[in-house]
Amino acid sequence: MRTIHAVAGLAVVLALSGCQRTSMSDFGGNSMSPAPLQAQPVPSVSSGQLDAPATTDTSQFPAAPVSGTATVGGVQQPAGVDVAAATSALDVTKESMVGNWRVANGGSSCDMFLTLTNLGSGSRGGTRGCAGELTQMGSWEVAGKQVVLKDRNGNPLARLFKTADARFDGSTNSGQPVSLSR
């Protein structure tokens, strides 16, 4: 029994001897502190006009917007989006979108489920009982004041704007009206 106590005591002493010291003093009680850092010179800041670009090759820049697009709230809108509805749309957050929605699309209705689970560049979502383009819905995202429904490859299917407390209206890429409500 005494051997077990002796071995256990030795194990505790060895374990404690491997611990790091957390104080900054030597064994004599004298405090040690690191030497202060030396100040470094800071170069002066200048201002002025930038030089002209060295190249006239514009292939490195993004293409100009095509005609038929509009910018609403800093977000580029494709042709067919009702700009008036977009400018009068209410603010929307991702968290307010989560859950079950009733969808009205082209005279029929179905269910849509939206989650916050990441899927590509958006969040996971899906439909049940829908017809047409919305059967391909796999994800969604909030971009500015609009909700963009996307297919499983991340391509936009429909764009909606908040028009009331629990209602979103918009259209699919083919121009079919879509409404979400709770």
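Visitor: Where does Gly125 sit?
Guide: Gly125 is in strand S5; strands here are DSSP runs of E, at least two residues long, numbered from the N terminus. This is a predicted model, where local features need pLDDT of at least 70, side-chain atom pairs count only at pLDDT 80 or more, and totals for chains, interfaces and linings use all residues. Residues are numbered from 1 along each chain as its sequence is written, and side-chain values use heavy atoms, with hydrogens and water left out.

Visitor: Is Gly125 buried or exposed?
Guide: Gly125 is buried, at 14% relative accessible area. Buried means under 20%, exposed over 50%, and partly exposed in between, using a 1.4 Å probe and protein chains only.

Visitor: What does Gly125 touch?
Guide: Leaving out residues up to four places away in sequence, Gly125 touches Phe113, Leu114, Met137, Gly138, Ser139 and Trp140. A contact is heavy atoms within 4.5 Å.

Visitor: New topic. How many disulfides are there?
Guide: The structure has one, counting a pair of cysteine sulfur atoms within 2.5 Å as a disulfide. Cys110 is joined to Cys130, S to S 1.8 Å. Cys110 is in strand S4 and Cys130 in the loop between strand S5 (122-128) and S6, so the pair links distant parts of the chain, 20 residues apart.

Visitor: Which hand does the link of Cys110 and Cys130 have?
Guide: Right-handed, with 75 degrees about the S-S bond. Cys110 is buried at 4% relative accessible area, and Cys130 also counts as buried at 13%.

Visitor: And the core, which residues have the most contacts inside it?
Guide: In the largest nonpolar core, which has 19 residues, they are Met97, Met112, Leu149, Phe168 and Leu180. Such a core is a set of buried Ala, Val, Leu, Ile, Met, Phe, Trp, Tyr and Cys residues joined through side-chain atoms within 4.5 Å. Strands that each supply at least two residues of this core include S3 (99-105), S4 (108-119) and S10 (177-181).

Visitor: What does Leu180 touch?
Guide: Among its contacts are Met97, Trp101, Met112, Leu160 and Phe168, again not counting residues up to four places away in sequence.

Visitor: Last one: how do S7 and S8 run?
Guide: S7 and S8 run antiparallel, joined by five bridges; strands pair if DSSP finds at least two bridges between them. Gln146 stands opposite Phe161 in S8. Their hairpin has four residues between the strands, and Gly154 there takes a positive phi near 90 degrees.
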